[in-house]
Amino acid sequence: MTPKEVLALIREKDVKAIDLRFMDFPGQWQHFTIPADALGESTFEEGLGFDGSSIRGWKAINESDMLVLPQPETAFIDPFCTETTLTIICNIQDPLTKEDYSRDPRNVARKAANYMKQTGIADTAYFGPELEFFVFDNVRFDQNQYSGYYFLDSVEGAWNSGRQENPNLGYKIRYKEGYFPTPPADSLQDIRTEMMLLMMQCGIPIEAQHHEVATGGQCEIDMRFSPLVDMADKVLKYKYIVKNVAKKHGKTATFMPKPLFQDNGSGMHVHSSLWKNGVNLFAGSGYAGLSDMGLYAIGGLLKHAPALCAFTNPTTNSYKRLVPGYEAPVNLAYSRRNRSASIRIPVYSPNPKAKRIEFRCPDGSSNPYLVFAAMLMAMIDGIKNKTRPGDPLDKDIYDLSPEELKDVPKTPGSLDVALDCLEKNNEFLLQGDVFTDDVISTWIWYKREREVEAIRLRPHPYEFYLYYDI
């Protein structure tokens with residue numbers, strides 16, 4: 001869509017308001033709204049000013065002025081606003097230099113896609129994330145100087161099999177048995193279908209929706225793959241729609257990786273492939289139907305995975321998901337079909353166009369612009385340096401003996417360790433000025449200061465169980 005077409009759509013749909021959205025540094029959509037008649041063709045070139053000093057990880061208060069530049073191809077009618085509202089995703093610029101802002105995550109993603117083209121390796125990077133999430137009926141949490149707790153509830157939860165519900169109709173989903181049950185056990189079928197249809201209405205092609213493995217309302221809706229920046233835009237629309245449909249039905253949705261103890265967490269398995277002139281460069285005659293380039297890309301992902309985890313698994317809670325026994329990929333290995341490997345090569349179809357690799361470490365708490373950009377940079381590094389990934393691991397990794405496992409690299413055990421790995425290994429991200437030193441140092445500072453240290457300083461409820469009577 002061009003600016004002229006956006007303005008025509010505003011007239012056609014009698015749009016009353018324009019919602020301008022952009023991404024903060026950690027990964028939350030931000031917005032402000034203007035009247036429809038305040039948007040003109042010049043706005044797409046000149047932008048609109050706003051205060052960037054209160055956006056997490058952005059400017060200091062003495063250099064707070066920023067510009068949002070609406071991107072016309074991203075426009076869609078918001079399905080939740082009472083008045084007809086057109087939402088447009090924006091890029092961020094410095095008002096003095098007119099340069100794209102280095103800490104705008106969408107800018108990092110755009111630079112990664114452009115760098116790939118400049119190398120001549122490929123002209124398109126396709127990404128297809130599988131986002132998992134929970135829909136709960138109730139959530140309460142608090143933390144202060146003298147108390148701390150959380151409480152979650154779901155009508156599906158296995159823990160409610162004996163609750164007085166006047167009447168309790170049963171059909172609770174047992175732990176780890178939530179994959180594909182029909183209603184009435186799957187109580188969220190209609191809600192997921194509503195989410196799916198709204199996503200399609202907002203320009204997101206959908207392949208399927210279903211209940212996921214965990215009890216207590218774990219869900220998944222699968223999007224069709226798209227180019228890097230467009231896919232990251234769609235992830236944000238996806239999360240916005242999921243949360244707002246859940247709220248409409250008096251429920252709450254979360255992409256937190258591990259909200260429930262002793263059941264599966266929520267991941268964001270990311271499928272990817274590189275293409276040039278309409279040809280899938282990952283298809284070939286090697287292992288699992290991969291080309292040498294596909295194997296080198298795997299080599300780059302595995303080599304840099306500990307550093308990547310600082311972006312793909314960016315919360316302290318992420319590492320409560322990355323533990324053995326819950327289908328999470330804690331071992332850095334690759335395999336066809338095997339979902340216990342951190343990189344899997346799907347073999348659903350012999351069609352070369354379907355050949356791709358699936359990186360299973362990421363989760364939905366991440367910033368999709370930074371995740372896809374960092375993954376692409378690791379794959380490019382592996383391709384440029386012809387990094388071999390070693391031998392595949394086609395056994396069930398969780399059934400291997402300690403002796404067999406001792407030489408298999410592991411994902412970092414905590415966010416703090418992942419940030420250490422990023423601090424030591426980030427040159428592959430700096431190529432082409434995609435991730436700048438400023439972006440990486442700010443990310444490490446923010447995560448350590450605001451999250452790692454904040455969690456470390458606070459007593460945990462389970463510590464009272466362990467230590468109160470000492």
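**Note on backbone and side-chain contacts**

1. Pro167 is placed in the loop between strand E9 (148–153) and helix H4 (189–201), where helices (H or I, at least four residues) and strands (E, at least two) are DSSP runs numbered from the N terminus. The model is a predicted one, in which local features need pLDDT of at least 70 and side-chain atom pairs count only at pLDDT 80 or more, while totals for chains, interfaces and linings use all residues. Residues are numbered from 1 along each chain as its sequence is written, and side-chain values use heavy atoms, with hydrogens and water left out.

2. The peptide bond from Asn166 to Pro167 is cis, with omega near 0°. The loop between E9 and H4 also holds Pro184, and the bond leading from Pro183 to Pro184 is cis as well, with omega near 10°. Most residues other than glycine have a negative phi, and most peptide bonds are trans.

3. Asn166, which lies in the loop between E9 and H4, has a positive phi near 50° although the residue is not glycine. Its relative accessibility of 64% makes Asn166 exposed, on a scale where buried means under 20% relative accessible area, exposed over 50% and partly exposed in between (1.4 Å probe, protein chains only). Lys386, found in the loop between helix H8 (368–384) and helix H9 (402–405), likewise has a positive phi near 50°, and with a relative accessible area of 58% Lys386 is exposed.

4. The structure holds 19 aromatic pairs, counted when rings of Phe, Tyr and Trp (its six-membered ring) have centres within 6.5 Å, with planes under 30 degrees apart taken as stacked, over 60 as edge-to-face and the rest as tilted. Phe25 and Trp443 form an edge-to-face pair, because their ring centres are 5.5 Å apart and their planes stand at 80°. This pair links distant parts of the chain, 418 residues apart, with Phe25 in the loop between strand E1 (17–23) and strand E2 (29–35) and Trp443 in helix H12 (residues 437–457).

5. A search of the whole structure finds 25 salt bridges, each being a side-chain nitrogen of Lys or Arg within 4 Å of a carboxyl oxygen of Asp or Glu. Among them, Glu194 and Lys248 have their closest N and O atoms 2.7 Å apart, and this pair connects helix H4 with helix H5 (residues 228–248) across 54 residues. In the salt bridge of Arg344 with Glu358 the closest N and O atoms are 2.2 Å apart; both of these residues are buried.

6. Arg456 in helix H12 and Asp416 in helix H10 (residues 415–424) are 40 residues apart, and their salt bridge has its closest N and O atoms at 3.3 Å. Arg456 is exposed, with a relative accessible area of 52%, whereas Asp416, at 23%, counts as partly exposed. Both belong to a network of salt bridges that also includes Asp420, Glu423, Arg448 and Glu453.
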